[in-house]
Each structure stands twice: as structure tokens, then as C-alpha cells.
Amino acid sequence: MRATTAEGRIRSRADELERALAPFGNGNGVIGSEQLVRAERALDDCEFGADFVPAELGGRLERIDGLGRVVRPACRRDLSLGFGYGLNCYFAATPVWTAGDSAQREWTAALLLGGGRIAVARPAVAHANDFVRDEFALRRTDRRLRLDGAKTAVCNYARARGITVVAGTEDGSHEVLLIDREILPEGSLRTLHRYRTVGLDGCEFGGLEFTGCPVPDEAVVGAAGQGMGLVVRCSVVTRALLPSVMIAAGDTTLRTAVRFAVEHRAEDPYGPLRSPYGRDVLTGALLDLLISDSIALAAARGIHLLPDRVSACAAAAAYTVPKLLQDSAHDLSTVLGEAYFDVKGRYGAFGRMVRDLPLLGQGHAGTAARQAMLVAQLPHLARNSWLVDDEPPAALLRPWEDLPPADLAALSPAGVSDPVVPVLAACAGADGELGELITAFLGELRELRDRFARIAPGDGLSTPDTLALTDRYALVCAAAASLGVWREHHSARPGTFLADPAWITGALHRLGVLLGLDVPKAPQESVERLLFDTVMDRYERRRSYDLHETSLEA
């Protein structure tokens, strides 16, 4: 029977995909190329493309945070499967969902619902990475548009029928184009060689070259000359969604490390399950996942609830989550020891995720672009928002509550106020150690406000000092999102793990140590015991290590 709420449908869909991908392991090892092809066919049989199409166009997409959860069963097994074969199609279609006309939206929906793929050739921007350095050029000749240029690394370059192209024009502006490669004249589009990468090697990156390709006027997406503005708005969605993919990888690294420790417990009486260091590493990885999922939740749900405010939170999520999870994976590698280097063995999935995470963390424009997006907004937020704005709506951090449809056209690349950090002030006055931690973070926020408020318009923003302050803000934002998740569960879901003050105390302590705040040297022993018991309990019951405790198939 079909679930009656969006949350129920999201859980049901994630369970369905988990069962469909069960034959391809649960992070037990590396998925080979033949298995990857079979896994893609299994996703096709489940009509995976419908998850990237809005419900009003016949698809399953109702919530951005729900999409992030639906792709996790694939991403936990192989990031190339969930991202390259799946989520990248949504990123390519986002400009169409945001600003496309009815014909463009219907064509794209029909393509994805029918099992087709759509690729995106992104523009070169400041602070970009080498994947997007080359450009396309759009010019008008003989009263029609023609496209020239090449891109070296386009995901799904050979098998995507639809291609979203961002091209520069003769007047210095940009256009977003929706191109159907099946109707192009012969010789106007050439498929170049595959671009081999060290990570995400299951993704089909390769080159595309347009030569005098005729482009009909109706291929232009959105208002003429406003392509770069559309790309920047869509990048907010990308930043909000990418952390969900990474959380799935972080789940696999932690689960693999726990399995290694359990399976070698008899051989090593002083192993990680018994040593204080080993237990700290495992519980720290759990906290990193909960923190990461909290800020990812705020960013994704903010797309629906606070489109004019969510930009800073989305950039902070996309910037902070890969750093937290990569550092966590480094610590977890000490649990595996020499088994970490056996890339094709029983624990090979660990090394694969460690290798793939940095490349995925680069995204379209990399960490520098996210940092630049943040630092450009923070002086305004410091002067007008921090410690002044009301707290966000409760639904922002209540994953069980339904949301209004996302109005992607309303997204602002620079938020008018901060959507998350007001949670810190709203929770001031809590008792005990938690209250002390909140006070420490409020002190850090005041310091950040004073430092950023002194930056005048026209001052240089990309100085080492300012960028270091931006790093600190991102961790404060993660702390506020985590605190908000705890508070909403404490209020509306008492008796659950996320309602227990133990995990949020551990999370704020961990972030406080990263920031060098005046916090206790270690959480209370009872907190550490509960967190370690949770790590082991979720492993034994096959439950995910994120906020949702999804049931996993063997």
C-alpha cells in the first residue's frame, strides 16, 4: 500500500532500492565493473530516473532531502553508481526544473522517466577545478545560433541523450542550453576519448566537442543572457545535495572498520573494540556522520522553506562535510591497519571510498569556490543577522514533517539572513555540560560577528585570516544544525536516540575541540559509553549510521 505521507514514501523507496541492490553487497568489498553494470540494470528496473523528476511531472521527487536519502543505498555500495549514474542526472536537469519552459520540462521528464540519461557541461568559473577549465562558445551566424568548443570531462558523456550546456556568448554573457544529441546534424558533435580518473573510476567521464552545431532558439533555458545567474542559483541545490552522497560513503567506511574490528576481536585482545583509542575513533566517526547529516538536512530542507536564506548553510554543508568525513576516514584507517591497503580484499570498500571522497568533494568548482561563496556573504550576515534573527521554523530540522514544493526559481545565491545559527541563541540556558558547550559556541559566534562586521565593502575577502574565520563559521553552522536536530527530537520524539542529550553533547564537544574552544577535555564516561554502544548496536542490527537509522540489506 502506498504511504500517505512524503516521509513514508521516502522511507519506502529507500527500502525498495536497498532490497534491489542487496545482491551487490553492503560495503563488504569493491564492486567490479561487471557488477556495476548489473547494479545499473537493477536501478533501471526500479525506474531510478523517476526519482530525479518532480512529482508534478510524473516523477517521485517531492523533497530535496528525500532525494538525498533515496540515493544513499546506491552510494553506500559505490559512489560511481549513486552519483555518476544517478544524482548527476538531477544536477544536469536542475536548470530545466528551475527556469525551463513547459516543453523543456516535459521533454526532460519524459527522457528520465523512460530510463534515459542527461549530462551537464559546466562553465569555467573563478576558483574552479581542472574539470571545468575549458569553455563552449555560442555565436549567432546566418540568423541562427551555433555552438563551438570542447569539454574534456563530462560525466555520462557517451550515453546521455540530453546535454545541458553552459556556453559563453559574444557579448560576454552566458546561456544555458538543453540539447537533444539524437537530432543534431552529423559531424556537429564529436564524442572524444574517455577521461580516466583515480577516484570515481566507475563514472564515465569523457570529452564532447561541438563544431558549428546549430542550436534552435527554443533550446535556451530561462531568460536570454541570464545563464550564469541561473547556474549560480542551481549551484545552491548542488551544494545542498552533495553532502548526502558523502554521508553514504562515510557510513561504509565506519561500517567496514567496525566489521574488521569485530571479525578480528579474537585475534587481538587489545584491539580497537577494547582500547580507548579505538573506541574513540569509532564513536568519533559516528558523531561526524550525525553532524554531517544535521547540516545536510538543514541545507536540503532550507531549499523548500527558506530559499532566500539557505545559501550560506548550503555552502557551509558542502564545504564542511567532505572535510569532516575525510578526516574521519583517515582516523578509521588506523583500525584496519595493513588491511586498508588490500584494495581488492574483503575490506576493499574502505579504500575505495577513501579514494573517491576527495574527488566527489571537489564537485563542480571545488572547496575554494564554496569557501568564496561563504566569505562573500558573511560580513553582511555578521552585521544584520547573527544574534539578531529569530530562529528558523521547526520543520527545517524535523525530517518527519512534510514540506511545501520547492520553488527553485526563488533561490538566492546570497542569503538575506542566516537560516541556522539562531538556533544557538534559542537554546541558551540549557543545564549542565550541554549548557556550557552552547555558551562556548555563542562566544565563538560573537567573536566571528565582531571580526566579520569590521570588514568593509571593497576590502579584500580572500586573505588567509578571513578564510580561516570562514572555516570556523562553517563548524559553528554545523554545531547549530546538530543542536537544532537534537532539540526538535527532544521536543517531539522523546525516548529516541536523537532526543538523548548524550549524542549532542558529544557532537558539540567534538566540534568545540576542532575550534579550540574552552570545553571539557572529554565528554562524560556515560556519553562515550552510549555512543560506543550505538555504534555496535547499529552494526549488529544493520541500521545506517545517519540520522534516519535506515534498515540495511546484507
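Helices here are DSSP runs of H or I with at least four residues, strands are runs of E with at least two, and both are numbered from the N terminus. Arg 542 is not a glycine, yet its phi is positive, about 55 degrees. I noted that most residues other than glycine have a negative phi. At 44% relative accessibility, Arg 542 counts as partly exposed; buried means under 20% relative accessible area, exposed over 50%, and partly exposed is in between (1.4 Å probe, protein chains only).

Before going on, I reminded myself that this is a predicted model, with local features needing pLDDT of at least 70, side-chain atom pairs counting only at pLDDT 80 or more, and totals for chains, interfaces and linings using all residues. Residues are numbered from 1 along each chain as its sequence is written, and side-chain values use heavy atoms, with hydrogens and water left out.

I then looked up Glu 47, in the loop between α2 (33-45) and α3 (64-70). Glu 47 is another non-glycine with a positive phi of about 55 degrees. Its relative accessibility is 48%, so I have it down as partly exposed.

Next, the whole chain. I count 16 helices and 8 strands. The C-alpha trace spans about 75 × 55 × 45 Å along its principal axes. Of the 554 residues, 60% are buried. For contacts (heavy atoms within 4.5 Å) between residues at least 6 apart in sequence, 76% join residues at least 24 apart.

Then I picked α6 (residues 102-113). It has 12 residues and reaches 16 Å from first C-alpha to last, close to the 16 Å expected at 1.5 Å a residue; the expected span is 1.5 Å times one less than the number of residues.

Which residues of α6 are buried? I find Gln 104, Arg 105, Thr 108, Ala 109, Leu 111 and Leu 112. They cover an arc of only 160 degrees around the axis, so they lie on the same side of α6; the arc is that of the directions from the helix axis to the C-beta atoms. Their cover includes α5 (79-99), β1 (118-121), β4 (162-169), β5 (174-180) and β8 (220-221).

Last, the ends of α6. Asp 101 caps the N-terminal end, with a side-chain oxygen 3.2 Å from the backbone nitrogen of Ala 103. After α6 comes Gly 115, with a positive phi near 90 degrees.

Key
Polar contact = N/O pair within 3.5 Å; in protein donor to acceptor, adjacent residues only side chain to side chain.
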